[in-house]
Amino acid sequence: MSIEAMSAVLHHSQAGGSTKLVLIGIANHQGDAGAWPAISTLARYANVSERQAQRAIRQLEELGEIKVDYQAPEMLKRTNRYWVTVRCPKECDGTTQHRVGVTSMTRKGDTDDTPRVTPMTPEPLSEPTEKPMLQKPTRIPETFVITDDMRHWAKETVPDVQIDFETESFIDYWSAKPNHATKLDWVKTWQVWMRENQKRQTRRGVPKSSRSERNLELLKKIAAEEGKQ
Ligand SMILES: [Zn+2]
């Protein structure tokens, strides 16, 4: 048996005590075509009686660690043929230490015995409509509108900003901008715009005015803009 296969037996067998010794004894005899150690030999390896060695073989069979080809009773001279079937489990890191459930990055002597379970992300049943991690910046949507939430936010955070007017400006600005006009989060961009507006209003020291006054102000601004064209 190869050193690697023997090593797998030593590290991964579930058997204990003399049963494991019997297994190691079988593994020690195994070639390409199995192993034929006599029960007496296996008993000697494990320092147990032949009856105990027989019991160990049945246990190993139950554990699925060996396969036994029982010879026909008339061939009394022949012994059973065994195959050791212990292999490295999937969780084994495949190193000479045969660490199970830890990553190969874990240094020997680490006391962290927590199994490193890779969290399984359940496969989505259908394509999700939104993939936030894969989202790409986009140009301002043609359908950009002020939602109730946005309006509420504006009322609380930027009370002096004329939201509808500034939103129009915002849309115009970003729609017309030829380059660097893509954003991940247009609502956030809108909020920044509105906050900037609020700051400007505050800096100018524009007193809070009535709606009609603001509208008049707005009409003047628009007229001024139109006059420029
Ligand atoms: Zn292993």
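Helices (H or I, at least four residues) and strands (E, at least two) are taken here as DSSP runs, numbered from the N terminus. Residues are numbered from 1 along each chain as its sequence is written. The model is predicted: local features need pLDDT of at least 70, side-chain atom pairs count only at pLDDT 80 or more, and totals for chains, interfaces and linings use all residues.

**View 1. Overall order of elements in the chain.** The chain holds 8 helices and 2 strands, which follow one another from the N terminus as α-α-α-α-β-β-α-α-α-α. Of its 229 residues, 15% count as buried (20 or more other C-beta atoms within 10 Å of the residue's own; exposed, 12 or fewer; partly exposed, in between; C-beta atoms placed from the backbone).

**View 2. The largest nonpolar core.** A nonpolar core is a set of buried Ala, Val, Leu, Ile, Met, Phe, Trp, Tyr and Cys residues joined through C-beta atoms within 7 Å. The largest one has 19 residues, and Val22, Leu23, Ile26, Ala53, Leu60 and Val84 have the most contacts inside it. At least two residues of this core come from each of α1 (3–12), α2 (17–29), α3 (39–46), α4 (50–63) and β2 (81–84). Another core, of 6 residues, lies apart from it and includes Val158, Val161, Phe170 and Met194.

**View 3. Helix α2 and its buried residues.** With 13 residues, α2 reaches 19 Å from its first C-alpha to its last, close to the 18 Å expected at 1.5 Å a residue (1.5 Å times one less than the number of residues). Ser18, Thr19, Val22, Leu23, Gly25, Ile26 and Ala27 are the buried residues of α2; they pack against α1, α3, α4, β1 (66–69) and β2, a contact being two C-beta atoms, placed from the backbone, within 7 Å.

**View 4. The crossing of α2 and α4.** The axes of these helices, α2 and α4, come within 9 Å and cross at roughly 80° (lines fitted to C-alpha atoms over the stretch in contact, with angles from 0 to 180 degrees between N-to-C directions). Therefore α2 is roughly perpendicular to α4, a term covering 65 to 115 degrees. Ser18, Thr19, Val22 and Leu23 of α2 meet Gln52, Ala53, Ala56, Ile57, Gln59 and Leu60 of α4.

**View 5. Arg87 in its loop.** Arg87 is placed in the loop between β2 and α5 (148–157). Arg87 is exposed because 12 other C-beta atoms lie within 10 Å. Val9 and Arg87 are 78 residues apart in sequence, yet 7.1 Å apart in space, C-alpha to C-alpha.

How values were computed
Angles under 35 degrees count as roughly parallel, over 145 as roughly antiparallel, 65 to 115 as roughly perpendicular and the rest as oblique.
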